[in-house]
Amino acid sequence: MTAKQQTIATETTLTGVGLHTGVTATMRFRPAEEGTGVRFVRTDLPDAPAIAAHVDNVTGTDRGTTLSVGDAAVLTVEHLLAAVGALGLDNLIVELDGPEIPILDGSFRPFFDALSAAGVREQDSAAAVLVVKDAVTAVHSGGESYTVVASERYRISATIEFDHPLIRRQYGSYDIQANAFAEQVAGARTFGFMKDAEALRNRGLAQGVTLDNALVLDDKQLIGGELRWPDEFVRHKSGDIVGDLVLVGRRIRGHVIADRPSHAGNVALARALLASGSKGQRPIVDIQRIMQHLPHRYPMLLVDRVIEFEQGKRIVGIKNVTINEPFFVGHYPGHPIMPGVLIIEAMAQVGGLLIMDQIDNIDEKVVYFMSMDNVKWRRPVTPGDQIRFEVEVVQFRRHVARMRGVGYVDGHAVAEADFMARIVDR
């Protein structure tokens with residue numbers, strides 16, 4: 001897996017029917033700029049709203065993973081995202097003229113083959129990687145359990161159990177890199193049980209299911225066709241994990257061990273991985289060095305440490321929010337909430353550290369912020385929270401920088417903004 005971000009080299013398309021909606025849609029895959037991430041664009045809706053492939057946008061996990069922003073939604077994203085993850089794609093635009101990613105043959109293969117044929121193009125910026133050092137665990141209410149441990153490569157080991165003679169208890173373990181995924185996982189198809197069909201259709205699901213796009217089982221056997229592997233079921237469940245964990249927004253380096261995985265459990269694991277991302281990481285820039293670079297002092301110094309840094313490109317800074325913050329005295333008595341403007345101020349300070357590193361004589365310079373756009377506050381920040389600010393440079397010319405920042409608490413986005421800053425003499 002390369003250390004650089006990647007996108008596809010050329011455009012390509014696929015057309016098919018949605019598994020749950022039964023609606024035909026065409027997907028157009030387009031290369032994307034560095035730092036874009038994976039974005040779905042609903043071209044059939046007014047203003048073509050974009051939906052980022054991130055765990056914060058998950059709004060449904062019933063028989064598939066659904067992403068939504070406002071009234072715009074995309075259903076059943078996991079098979080496509082599994083191919084994205086296996087190929088190490090960081091940036092991709094998926095234009096979609098319907099509500100659901102087509103199911104095609106029910107496996108990951110059509111997506112993997114289409115994106116592979118489009119070519120993988122390396123970009124200049126470093127890829128964001130979540131490296132698991134200490135064990136991360138997640139347990140979901142349906143009995144699903146997960147442990148992720150340190151590993152030199154990305155690997156999925158999964159155990160499933162169903163009371164059916166073709167499945168029973170199955171175990172599989174797979175390296176998640178392109179060649180191994182293509183050989184061992186990509187062809188595994190989604191599956192379901194005939195006894196559940198009527199109930200699913202009454203709930204508006206499984207409207208597009210046929211024997212050509214899913215493995216359908218009665219009480220004893222497979223209805224029509226043949227299995228591609230005797231353990232095709234656990235292979236498919238393992239691929240679903242890969243797809244859902246793309247919603248972390250970073251490549252993963254670790255060994256995922258899953259027992260009875262589900263989409264809801266996979267998403268819970270994605271949140272746990274994000275929450276673990278900053279915990280226990282040693283700072284690469286501590287408060288003493290921060291004070292050498294920023295002119296702010298109490299009570300306006302709002303960055304405690306820097307844990308990731310890519311010169312001129314990206315920075316991750318931490319703000320620990322305690323009840324001793326002076327603004328909690330009046331904001332609000334008996335209901336302490338960190339003011340939104342101070343969350344954005346802290347984000348801006350992290351961005352200031354990133355661009356100040358690009359100039360000489362920093363003692364003679366200061367960063368002035370010129371504009372803020374697309375500012376959004378997603379949820380309140382309260383005492384005891386730790387905000388992880390991820391800021392990247394979009395453009396830097398002649399001491400003027402355009403940056404994009406997002407703040408997270410326990411893997412949930414709390415604020416985001418685009419901003420522009422200038423470095424000037426003191």
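Reader: Which ring does the charged end of Lys195 sit over?

Author: In this predicted model, the charged end of Lys195 sits over the ring of Phe193, at 5.3 Å from the ring centre.

Reader: How many aromatic pairs are there, and how is such a pair described?

Author: A pair of aromatic rings is described by two values, the distance of the centres and the angle of the planes. Here the count comes to eight aromatic pairs. One of them joins Phe162 and Phe191, with 5.6 Å centre to centre and 85° between the planes. Planes over 60 degrees apart count as edge-to-face, so the pair of Phe162 and Phe191 is edge-to-face.

Reader: Which parts does the pair of Phe162 and Phe191 tie together?

Author: Phe162 lies in strand β14 (residues 155-162) and Phe191 in strand β16 (residues 191-193), so the pair ties together parts that are 29 residues apart in sequence.

Reader: Is Phe191 buried or exposed?

Author: Phe191 counts as buried, because its relative accessibility is 15%.

Reader: What other pair does Phe191 form with Phe193 in terms of geometry?

Author: Phe191 and Phe193 form an edge-to-face aromatic pair, with 6.3 Å centre to centre and 90° between the planes. Phe193 also counts as buried, at 15% relative accessibility.

Reader: Which residues form one aromatic cluster?

Author: One aromatic cluster is formed by Phe162, Phe191, Phe193 and Phe233. Phe193 is the residue whose ring lies under the charged end of Lys195.

How values were computed
Residues numbered from 1 in each chain as written. Predicted model: local features only at pLDDT ≥ 70, side-chain atom pairs only at ≥ 80, totals over all residues. Heavy atoms only, no water. Phe/Tyr/Trp six-rings, centres within 6.5 Å; stacked < 30°, edge-to-face > 60°. Helix = DSSP H or I, 4+ residues; strand = E, 2+ residues; numbered from the N terminus. Buried < 20%, exposed > 50% of the residue type's maximum accessible area, 1.4 Å probe, protein only. Lys NZ or Arg CZ within 6 Å of the ring centre and 35° of its normal.
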